[in-house]
Amino acid sequence: MNLSLSRSFPIAKAALAAAVIACTFALACSLIGCASGGTDSSSADAGNTSASTDGKTLRVAMELAYPPFETKDDAGNPEGLAVDFIRDFGAAYGYDVQIENTAWDGLIPSLQSDKADLVISSMTITDERKQSVDFSDAYAMAQLAILANADSGVASIDDLNQPGKKVAVKTGSTGDVYATKNLADAEIVRLADESACVTEVVQGKADGFLYDQLTIYRNHQANPDTTEAVFIPFQDAEEWGIAVKKGNTELLDQLNAFIAQSKTDGEFDRLTEKYLADEKKAFDQYGFKWFFDFE
């Protein structure tokens, strides 16, 4: 306000002018969405370096416990192949991607309770899960393998399905599902996370751990003296999908279009080179089906 001009008004006129200005400002605020004490979306997103300008937020739930797909960097920020992939999707469709680290057993409930818009967390597409959520087309393929204790004598899946054998599985994983259906003679030890299952095998408390080939390969490399890796296929390759709330066809169509494009434009090759170059060589050597081999 120009103070020299305001002093030329009589007091009553000045008061009236102030009231008019206040009312005008209040009206302008209401028109552009200002609200004293309300949530400022720009402030709420200030910590997100991938914020888009159109304000569409994509809430992504994933368990940041499975490197190199979903994990954290040294500062505790989301990092990994799936993190890059979903951020690339967000950039393509103008979303502000916000990743929420979520425990495995809370992933699907986060969709059902509207706390997340999608889940990407190395989740296998199963008929049981399809009853609760809708899945995208497959964005990766994986096969189960066995991390066996070096003294267990386990050389195949049949060796585990014996009385007295203990099989460690991550609760709710497809290894858990497989063991429950097919290893009726073994004792199944269900644990909350992958590292606990590996520890059981390394310490000889379990004879084997069922999980995907990459995890088994990496943990055998880390524990070569106490473990053996059994890679003989005992089921078809599993498809990993991105889960959305049932009926969210708009987001599902966008995801499927991006996945289809990624299969042809080199997206998966770039991510492999960045995160899995050595593992790709090992998989080729063993003759394993690669994660992004969709044939």
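Biologist: Asp-114 lies in the loop between helix H5 (107-112) and strand E5 (118-119). Why is Asp-114 called partly exposed?

Modeller: The model is predicted. The relative accessibility of Asp-114 is 41%. Buried means under 20% and exposed means over 50%, so Asp-114, at 41%, falls in between and counts as partly exposed.

Biologist: What makes the phi of Asp-114 worth a remark?

Modeller: Its phi is near 65°, a positive value, and Asp-114 is a residue other than glycine. Ser-122 is also a residue other than glycine with a positive phi, near 50°. Ser-122 is in the loop between E5 and helix H6 (127-130).

Biologist: How do you know whether Ser-122 is buried or exposed?

Modeller: Its relative accessibility is 11%. The cut-off for buried is under 20%, therefore Ser-122 counts as buried.

Biologist: What makes the peptide bond from Pro-67 to Pro-68 cis?

Modeller: Its omega is near 0°. Pro-68 belongs to the loop between strand E1 (56-62) and strand E2 (71-72).

Biologist: How much space lies in the largest pocket, and which residues are closest to its centre?

Modeller: The space is about 420 Å³. The lining has 19 residues, and the closest to the centre are Thr-126, Asp-127, Thr-174, Val-177 and Lys-181. H6, helix H8 (174-182) and strand E13 (238-240) are the elements that give two or more residues to this lining.

Biologist: Which element gives the largest share of the lining, and what is the lining by class?

Modeller: H8 gives the largest share, five residues. By class, the lining of the largest pocket has seven charged, seven polar and five nonpolar residues.

How values were computed: Residues numbered from 1 in each chain as written. Predicted model: local features only at pLDDT ≥ 70, side-chain atom pairs only at ≥ 80, totals over all residues. Heavy atoms only, no water. Helix = DSSP H or I, 4+ residues; strand = E, 2+ residues; numbered from the N terminus. Buried < 20%, exposed > 50% of the residue type's maximum accessible area, 1.4 Å probe, protein only. 1 Å grid on protein atoms, 1.4 Å probe; cavity = no way out; pocket = protein on both sides within 12 Å on 5 of 7 lines; lining within 4 Å. Points joined across faces, edges and corners; volume = space filled by probe spheres on them. Nonpolar A, V, L, I, M, F, W, Y, C, P; charged D, E, K, R; others polar.
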